[in-house]
Amino acid sequence: MGTASNLKRAAVSFLVPLPSILFYLYFINHYKTSTVDGTTLSPFWSWCVDHPLLLVNALFFFNVNVLFWIISQIQKSHWMIDLYWTVIPMLLVYYYATYPLAQYNLWRSRIVIALTWIWSLRLTHNYFRREKWQWGVREDWRFTDMRGQYGKNWWWISFFSVYASQQMFLVGICLPFYIVHSVDKPLDVWDFVAVAVCLCGIVIAYFADTQLHEFVTRNDKLKELGKPTVPNLDRGLWGYSRHPNYFGEQLWWWGLVIFAWNLGHGWAFVGAFVNSMCLAYVTVLVEQRMLKQEYRAEAYRVYQKTTSVWIPWFRSSAFARKDKDT
């Protein structure tokens, strides 16, 4: 990818959320002005004040589903939604924290915002490290596969499968942010449990992704030297779980659910649950893809028999020696 193209995609990435951001800033300013002046809000602005969840879904629909989709048709790639998975939760936590009717414990809000920053920076760093510090080098391989599967119909199917589906996932898993900024309750021990779970998830995901990156980098160097590559990563965290990065990511989201549950809104688990079910399906797709690669298929079958899928656990002794020999 050329420098000009890379800069162009970077510029698009920075500009694309502006419609929602500018609308929200205008809305907040309008609300504050009406409060100071004592003027009555119009029905539209009153609706915005009274319906934070509906408003955020409307902003998501027009700014992400529609605008991102239009840009993807122009660029012939759906790369941007992958990058914005690391950004949208940050935007949402600030949206809920600054909403006119928000009420919350200040320390809990600060803790959740700080945790979200840490999570977002880690995931953003991993994205750019994986893409060799360039913007939009490629789209998610699953979207590429679906492009080939649906052919000429992909242009409209992609609106639903790539973007509308992301609305359900992202708004859903961020529901704890809404709960944290809707209930004013003193901190207690469960908040610290939630913090511990969130941090554990972030740390596990970081080390798992780092080990995977180092494995891929070593294999790339072996290919350049014309040497045989290592078929499978089964060391470090990957020796205890076939998908420790997924496990860490799930710990993060379920840690946020603990915040919501502790505030009396356990129903907010629905987003994390749907996301976990989706990731379980993705796990199946990833493993099928690994088994289709002839040079690693046999080693990966042994790996499946010896190693836990998600939750880290000791390897099966029944196959440990065979796996080592392989």
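Mentor: Let us begin with Trp133, whose place is in the loop between H7 and H8; please keep in mind throughout that this is a predicted model.

Trainee: What makes Trp133 count as exposed or buried?

Mentor: The label exposed needs a relative accessible area over 50%, and Trp133 has 53% relative accessibility, so Trp133 counts as exposed. Trp133 also has a positive phi of about 60°, although it is not a glycine.

Trainee: Where is Lys132 found, and how do you know whether Lys132 is buried or exposed?

Mentor: Lys132 is found in the loop between helix H7 (106-130) and H8. Its relative accessible area is 63%, and because exposed means over 50%, Lys132 is called exposed. The phi of Lys132 is near 55°, which is again a positive value in a residue other than glycine.

Trainee: What makes Asp234 buried?

Mentor: Asp234 has a relative accessible area of 14%, and since the cut-off for buried is under 20%, Asp234 is therefore buried. Asp234 lies in the loop between helix H11 (189-224) and helix H12 (244-262), and its C-alpha atom is separated by 9.9 Å from that of Ala299, although the two are 65 residues apart along the chain.

Trainee: How many disulfides does a search of the whole structure find?

Mentor: The search finds zero disulfides. Cys198, for instance, is in no disulfide, as the nearest cysteine sulfur, that of Cys200, is 9.5 Å away, whereas a disulfide requires a pair of cysteine sulfur atoms within 2.5 Å. Cys198 has 0% relative accessibility, and because buried means under 20%, it counts as buried.

Trainee: Why is the sulfur of Cys278 too far for a bond?

Mentor: The closest cysteine sulfur, in Cys174, is 15 Å from that of Cys278, and because the cut-off is within 2.5 Å, the pair is too far for a bond. Cys278 has 27% relative accessibility, which falls between the limits of 20% and 50%, so Cys278 counts as partly exposed.

Trainee: What describes two packed helices, and which values apply to H8 and H9?

Mentor: Two packed helices are described by the angle between their axes and the distance between the axes. The axes of helix H8 (residues 141-150) and helix H9 (residues 154-173) come within 10 Å and cross at roughly 145°, and the crossing is right-handed. In the contact, Phe143, Met146, Arg147 and Tyr150 in H8 meet Trp154, Ile157, Ser161, Val162 and Gln166 in H9; by class, these are six nonpolar, two polar and one charged residues.

Trainee: Which residues does UniProt list as "transmembrane region"?

Mentor: The unreviewed UniProt entry lists several stretches under that name, among them residues 12-31 and 154-180. In the model, residues 12-31 are 90% helix and 0% strand, with the end C-alpha atoms 30 Å apart, while residues 154-180 are 96% helix and 0% strand, with the end C-alpha atoms 39 Å apart.

Methods. Residues numbered from 1 in each chain as written. Predicted model: local features only at pLDDT ≥ 70, side-chain atom pairs only at ≥ 80, totals over all residues. Heavy atoms only, no water. Buried < 20%, exposed > 50% of the residue type's maximum accessible area, 1.4 Å probe, protein only. Axes fitted to C-alpha atoms, helices over the stretch in contact; angles between N-to-C directions. Helix = DSSP H or I, 4+ residues; strand = E, 2+ residues; numbered from the N terminus. Left-handed = near helix turned anticlockwise from the far one by under 90°. Contact = heavy atoms within 4.5 Å. Nonpolar A, V, L, I, M, F, W, Y, C, P; charged D, E, K, R; others polar. UniProt positions renumbered as here; feature names shortened; annotations may be inferred.
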